[in-house]
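Hi,

Here is the structure I promised to pass on.

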Amino acid sequence: MAEITRSRSGFDGLSQQNRSTTPKIQLLQTATSEAWLTQALANLDLILLDHSHCERKAAGVALNLMFRYPSSEKLVRTLTAIAQEELSHFELVNQWLERRQIPLRSLPAPPYGAALSRHIRREEPERMLDSLLVAALIEARSHERLGLLADHCPEPELAQFYRSLMASEARHYGIYWVLATTYFEREIVDIRLATLATLEGELLATVYPQPRIHS
Ligand SMILES: [Fe+2]
Ligand SMILES: [Fe+2]
(Lines give C-alpha, C1' and ligand atoms only; values in the text may rest on other atoms or scores of the structure.)
(Ligands and ions follow the chains in the order given, each with its own letter.)
Protein backbone atom coordinates (compact mmCIF):
# COMPACT_ATOMS: atom_id res chain seq x y z
CA MET A 1 0.00 0.00 0.00
CA ALA A 2 1.39 3.37 -0.99
CA GLU A 3 2.39 5.69 1.78
CA ILE A 4 2.25 9.40 1.58
CA THR A 5 4.64 11.90 2.95
CA ARG A 6 3.84 15.17 4.55
CA SER A 7 5.27 17.76 2.27
CA ARG A 8 5.19 21.34 3.42
CA SER A 9 5.97 20.74 7.04
CA GLY A 10 8.93 18.57 6.24
CA PHE A 11 8.32 15.42 8.21
CA ASP A 12 6.81 12.09 7.40
CA GLY A 13 4.25 10.01 9.22
CA LEU A 14 6.86 7.65 10.55
CA SER A 15 9.00 10.10 12.45
CA GLN A 16 6.94 12.99 13.53
CA GLN A 17 8.45 15.79 15.49
CA ASN A 18 6.43 18.82 16.31
CA ARG A 19 8.26 22.01 15.58
CA SER A 20 7.22 23.83 18.73
CA THR A 21 7.04 22.64 22.32
CA THR A 22 6.42 18.94 22.00
CA PRO A 23 9.30 16.74 23.14
CA LYS A 24 10.91 14.72 20.39
CA ILE A 25 8.85 11.59 20.26
CA GLN A 26 8.21 9.07 17.58
CA LEU A 27 4.93 7.39 18.23
CA LEU A 28 3.50 6.13 14.99
CA GLN A 29 5.08 3.11 13.36
CA THR A 30 3.25 3.38 10.04
CA ALA A 31 2.37 6.28 7.81
CA THR A 32 -1.15 6.82 6.57
CA SER A 33 -1.85 5.32 3.16
CA GLU A 34 -2.70 7.32 0.09
CA ALA A 35 -5.94 5.34 -0.09
CA TRP A 36 -7.12 6.98 3.15
CA LEU A 37 -6.35 10.47 1.87
CA THR A 38 -8.15 9.83 -1.43
CA GLN A 39 -11.17 8.55 0.47
CA ALA A 40 -11.15 11.49 2.88
CA LEU A 41 -10.80 14.16 0.20
CA ALA A 42 -13.72 12.65 -1.71
CA ASN A 43 -15.89 12.82 1.42
CA LEU A 44 -15.03 16.09 3.15
CA ASP A 45 -18.51 16.59 4.64
CA LEU A 46 -18.56 13.14 6.19
CA ILE A 47 -15.02 13.62 7.49
CA LEU A 48 -16.09 16.87 9.14
CA LEU A 49 -19.02 15.14 10.80
CA ASP A 50 -16.80 12.33 12.04
CA HIS A 51 -14.25 14.90 13.17
CA SER A 52 -16.92 16.48 15.36
CA HIS A 53 -17.46 13.11 17.05
CA CYS A 54 -13.69 12.67 17.46
CA GLU A 55 -13.30 16.01 19.25
CA ARG A 56 -16.16 15.22 21.64
CA LYS A 57 -14.70 11.78 22.34
CA ALA A 58 -11.25 13.28 22.92
CA ALA A 59 -12.73 15.57 25.59
CA GLY A 60 -14.45 12.52 27.09
CA VAL A 61 -11.19 10.54 27.25
CA ALA A 62 -9.51 13.36 29.19
CA LEU A 63 -12.47 13.71 31.56
CA ASN A 64 -12.70 9.96 32.14
CA LEU A 65 -9.03 9.81 33.14
CA MET A 66 -9.56 12.73 35.54
CA PHE A 67 -12.45 10.84 37.16
CA ARG A 68 -10.49 7.60 37.34
CA TYR A 69 -7.33 9.12 38.83
CA PRO A 70 -8.57 12.13 40.84
CA SER A 71 -5.52 12.24 43.13
CA SER A 72 -2.93 12.17 40.35
CA GLU A 73 -2.41 15.89 40.44
CA LYS A 74 -0.31 16.40 37.33
CA LEU A 75 -2.68 14.24 35.32
CA VAL A 76 -5.75 16.10 36.57
CA ARG A 77 -4.30 19.54 35.95
CA THR A 78 -2.99 18.85 32.46
CA LEU A 79 -6.05 16.92 31.34
CA THR A 80 -8.31 19.72 32.56
CA ALA A 81 -6.67 21.92 29.92
CA ILE A 82 -6.93 19.22 27.26
CA ALA A 83 -10.63 18.56 27.95
CA GLN A 84 -11.34 22.28 27.62
CA GLU A 85 -9.35 22.54 24.42
CA GLU A 86 -11.03 19.50 22.86
CA LEU A 87 -14.43 20.95 23.66
CA SER A 88 -13.43 24.20 22.00
CA HIS A 89 -12.35 22.18 18.93
CA PHE A 90 -15.71 20.41 19.06
CA GLU A 91 -17.47 23.74 18.89
CA LEU A 92 -15.26 24.97 16.02
CA VAL A 93 -15.93 21.83 13.98
CA ASN A 94 -19.62 22.17 14.70
CA GLN A 95 -19.51 25.73 13.36
CA TRP A 96 -18.09 24.30 10.12
CA LEU A 97 -20.91 21.77 10.02
CA GLU A 98 -23.46 24.52 10.48
CA ARG A 99 -21.85 26.59 7.78
CA ARG A 100 -22.05 23.68 5.34
CA GLN A 101 -25.57 22.80 6.51
CA ILE A 102 -24.54 19.39 7.74
CA PRO A 103 -26.81 18.36 10.61
CA LEU A 104 -25.22 16.83 13.69
CA ARG A 105 -26.10 13.18 13.72
CA SER A 106 -24.68 10.00 15.08
CA LEU A 107 -22.31 8.08 12.90
CA PRO A 108 -21.24 4.45 13.37
CA ALA A 109 -17.71 4.51 14.72
CA PRO A 110 -14.96 2.71 12.83
CA PRO A 111 -13.44 -0.27 14.69
CA TYR A 112 -10.20 1.64 15.42
CA GLY A 113 -10.92 3.14 18.86
CA ALA A 114 -12.65 0.11 20.35
CA ALA A 115 -10.03 -2.25 18.93
CA LEU A 116 -7.22 -0.21 20.44
CA SER A 117 -9.02 0.02 23.78
CA ARG A 118 -9.29 -3.75 23.94
CA HIS A 119 -5.53 -3.79 24.45
CA ILE A 120 -5.77 -1.69 27.60
CA ARG A 121 -4.96 -4.08 30.44
CA ARG A 122 -7.53 -4.22 33.24
CA GLU A 123 -5.32 -4.23 36.32
CA GLU A 124 -3.68 -1.14 37.73
CA PRO A 125 -1.17 0.31 37.31
CA GLU A 126 -0.99 -1.21 33.80
CA ARG A 127 -4.43 0.14 33.01
CA MET A 128 -3.25 3.70 33.58
CA LEU A 129 -0.14 3.26 31.44
CA ASP A 130 -2.05 1.69 28.56
CA SER A 131 -4.82 4.29 28.72
CA LEU A 132 -2.31 7.13 28.47
CA LEU A 133 -0.42 5.49 25.61
CA VAL A 134 -3.55 4.63 23.63
CA ALA A 135 -4.70 8.25 24.02
CA ALA A 136 -1.25 9.41 22.86
CA LEU A 137 -1.38 7.19 19.78
CA ILE A 138 -4.87 8.37 18.83
CA GLU A 139 -3.79 12.00 19.21
CA ALA A 140 -0.66 11.34 17.16
CA ARG A 141 -2.70 9.76 14.38
CA SER A 142 -5.15 12.68 14.48
CA HIS A 143 -2.24 15.07 14.21
CA GLU A 144 -0.85 13.21 11.20
CA ARG A 145 -4.17 13.02 9.39
CA LEU A 146 -5.26 16.60 10.08
CA GLY A 147 -1.86 17.56 8.68
CA LEU A 148 -2.55 15.58 5.51
CA LEU A 149 -5.91 17.28 5.15
CA ALA A 150 -4.25 20.66 5.73
CA ASP A 151 -1.76 19.92 2.94
CA HIS A 152 -4.14 18.42 0.42
CA CYS A 153 -7.65 19.80 1.02
CA PRO A 154 -8.69 21.68 -2.14
CA GLU A 155 -10.67 24.26 -0.16
CA PRO A 156 -8.12 26.78 1.20
CA GLU A 157 -10.19 27.95 4.16
CA LEU A 158 -10.94 24.42 5.31
CA ALA A 159 -7.29 23.48 4.78
CA GLN A 160 -6.29 26.39 7.00
CA PHE A 161 -8.74 25.21 9.66
CA TYR A 162 -7.11 21.78 9.69
CA ARG A 163 -3.71 23.40 9.92
CA SER A 164 -4.81 25.42 12.95
CA LEU A 165 -5.99 22.27 14.77
CA MET A 166 -3.01 20.17 13.84
CA ALA A 167 -0.61 21.92 16.19
CA SER A 168 -2.92 21.29 19.15
CA GLU A 169 -3.11 17.59 18.41
CA ALA A 170 0.68 17.43 18.30
CA ARG A 171 0.82 19.05 21.71
CA HIS A 172 -1.79 16.60 22.99
CA TYR A 173 0.11 13.48 22.01
CA GLY A 174 3.18 14.97 23.66
CA ILE A 175 1.24 15.62 26.85
CA TYR A 176 -0.11 12.07 27.10
CA TRP A 177 3.39 10.72 26.52
CA VAL A 178 4.85 13.01 29.18
CA LEU A 179 2.15 11.88 31.62
CA ALA A 180 3.03 8.25 30.92
CA THR A 181 6.69 8.98 31.70
CA THR A 182 5.66 10.91 34.82
CA TYR A 183 4.00 7.89 36.40
CA PHE A 184 6.06 5.07 34.85
CA GLU A 185 9.70 4.38 34.17
CA ARG A 186 10.84 5.38 30.74
CA GLU A 187 11.94 1.89 29.80
CA ILE A 188 8.54 0.43 30.67
CA VAL A 189 6.81 3.18 28.69
CA ASP A 190 9.00 2.59 25.63
CA ILE A 191 8.41 -1.17 25.59
CA ARG A 192 4.66 -0.88 25.94
CA LEU A 193 4.45 1.97 23.46
CA ALA A 194 6.26 -0.09 20.83
CA THR A 195 3.73 -2.91 21.25
CA LEU A 196 0.69 -0.63 21.12
CA ALA A 197 2.07 1.38 18.19
CA THR A 198 2.49 -1.82 16.19
CA LEU A 199 -1.11 -2.77 16.90
CA GLU A 200 -2.26 0.74 15.98
CA GLY A 201 -0.53 0.54 12.62
CA GLU A 202 -2.01 -2.90 11.92
CA LEU A 203 -5.51 -1.61 12.62
CA LEU A 204 -5.13 0.97 9.87
CA ALA A 205 -3.46 -1.34 7.35
CA THR A 206 -6.78 -1.76 5.56
CA VAL A 207 -8.84 1.37 4.97
CA TYR A 208 -12.30 1.10 6.54
CA PRO A 209 -14.97 1.31 3.83
CA GLN A 210 -16.73 4.25 5.50
CA PRO A 211 -14.81 7.54 5.43
CA ARG A 212 -13.64 8.40 8.94
CA ILE A 213 -10.76 10.30 10.53
CA HIS A 214 -9.52 6.96 11.87
CA SER A 215 -10.70 4.68 9.08
FE1 LIG B 1 -8.80 18.24 19.26
FE1 LIG C 1 -6.49 16.27 20.79
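Predicted model: local features only at pLDDT ≥ 70, side-chain atom pairs only at ≥ 80, totals over all residues.

Residues are numbered from 1 along each chain as its sequence is written, and chains are lettered from A and ligands numbered from 1 in the order in which they are written.

The chain has seven helices and zero strands (DSSP runs numbered from the N terminus: H or I, at least four residues, for helices; E, at least two, for strands). Of its 215 residues, 39% count as buried (20 or more other C-beta atoms within 10 Å of a residue's own, with C-beta atoms placed from the backbone).

Now the core. The largest nonpolar one has 52 residues (a set of buried Ala, Val, Leu, Ile, Met, Phe, Trp, Tyr and Cys joined through C-beta atoms within 7 Å). Among those with the most contacts inside it are Leu132, Leu133 and Ala180. Helix α5 (126-152) gives the largest share of this core, 14 residues. Leaving aside neighbours within four places in sequence, Leu133 is in contact with Ala180, Arg192, Leu193 and Leu196 (contact: C-beta atoms, placed from the backbone, within 7 Å).

One helix pair to look at: which residues of α3 meet α6? They are Lys74, Leu75, Thr78, Ile82, Glu85, His89 and Trp96. On the α6 side, their partners include Phe161, Leu165 and His172.

Cheers

Definitions and conventions:
Contact = placed C-beta atoms within 7 Å. Buried ≥ 20, exposed ≤ 12 C-beta atoms within 10 Å, placed from the backbone.
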